[in-house]
Amino acid sequence: MIKFIAAAIWICAATLGAVFYSFQAAGERGVGETPKPMLGGLDYVKTEVISVPLIHDARIDGYFLTKLVYTVEPEQIKKLSIPAEALITDQVYSYLYSNPQIDFTKKETIDLDAFRAAIRDTINTRVGADLVHEVLIDQVNFLTKDEIRDNAMRHRDGAGATATEMTKTSKQH
């Protein structure tokens, strides 16, 4: 019985020694370093759909639609006197109107990395601080005026057909 108690005490002491040593070794290696920008500490804020009409030769060619996600430090965004989404929307408009050479009908000419970097950099320059760390694209579309008209016609025709069918059904009853 004494051998059993001595073995149990020895096992407990060895376990406590191992735990103590592992905490000491982990502290020396610097566990708990500051997180990287994509791993924590930032807020991810989504915008609503931003719709920008693209005008060429005094006529609307189509609409650029985008939904963005941007990363900001929570303390910095609280300091803004205007909503951050208004800044983002303004910068999207400014970027698209200051770069008329972008042709949305040719997907290979669109540089999304340049778009994201320009939005981030111009907002940070305008605010005077590193407010936005990263701009991510949640959705991006370009609809021509004809595509919008076709969708509206299909929607209107579908709604009209449904109303006609409901009228016929109610007359039968």
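Contact here means heavy atoms within 4.5 Å. Keep that in mind for the close-ups below, which all come from a predicted model.

**View 1. Threonine 47 and the residues around it.** Threonine 47 sits in the loop that links strand 1 (43-46) to strand 2. Leaving out residues up to four places away in sequence, threonine 47 touches Lys67, Leu68, Tyr70, Glu85 and Ile88. Is threonine 47 buried or exposed? Its relative accessibility is 1%, so threonine 47 counts as buried, the cut-off for that label being under 20%.

**View 2. The hairpin of strand 2 and strand 3.** Here strand 2 (residues 50-56) runs alongside strand 3 (residues 59-72), and the two pair in the antiparallel sense over 7 bridges. Look for histidine 56, which stands opposite arginine 59 in strand 3. The hairpin has 2 residues between the strands. One thing to check at the turn is aspartate 57, which takes a positive phi near 55 degrees.

**View 3. Helix 3 packed on helix 4.** Two packed helices are described by the angle between their axes and the distance between the axes. For helix 3 (residues 84-98) and helix 4 (residues 112-127), the angle is about 125 degrees and the axes are 10 Å apart. Helix 3 and helix 4 are therefore oblique to each other, and their crossing is right-handed. On the helix 3 side, the contact is made by Leu87, Ile88, Asp90, Gln91, Val92 and Tyr95. Helix 4 brings Ala114, Phe115, Ala118, Ile119, Thr122, Ile123, Arg126 and Val127. Sorted by class, this contact has 10 nonpolar, 2 polar and 2 charged residues.

**View 4. Arginine 126, zoomed in.** Now stay with helix 4, where arginine 126 has its place. Which residues does arginine 126 touch, not counting those up to four places away in sequence? They are Leu87, Asp90 and Gln91. Arginine 126 and leucine 87 are 39 residues apart in sequence, yet their C-alpha atoms are 9.1 Å apart in space. With a relative accessibility of 47%, arginine 126 counts as partly exposed, because that label covers values between the 20% and 50% cut-offs.

**View 5. Stepping back to the whole chain.** The protein has 5 helices and 4 strands. Read from the N terminus on, the elements run α-β-β-β-α-α-α-β-α. How much of the protein counts as buried? Of its 173 residues, 20% do, and threonine 47 from the opening view counts as buried. Take contacts between residues at least 6 apart in sequence: 65% of them join residues at least 24 apart.

Technical notes:
Residues numbered from 1 in each chain as written. Predicted model: local features only at pLDDT ≥ 70, side-chain atom pairs only at ≥ 80, totals over all residues. Heavy atoms only, no water. Axes fitted to C-alpha atoms, helices over the stretch in contact; angles between N-to-C directions. Parallel < 35°, antiparallel > 145°, perpendicular 65-115°, else oblique. Left-handed = near helix turned anticlockwise from the far one by under 90°. Nonpolar A, V, L, I, M, F, W, Y, C, P; charged D, E, K, R; others polar. Pairing = 2+ DSSP bridges. Buried < 20%, exposed > 50% of the residue type's maximum accessible area, 1.4 Å probe, protein only.
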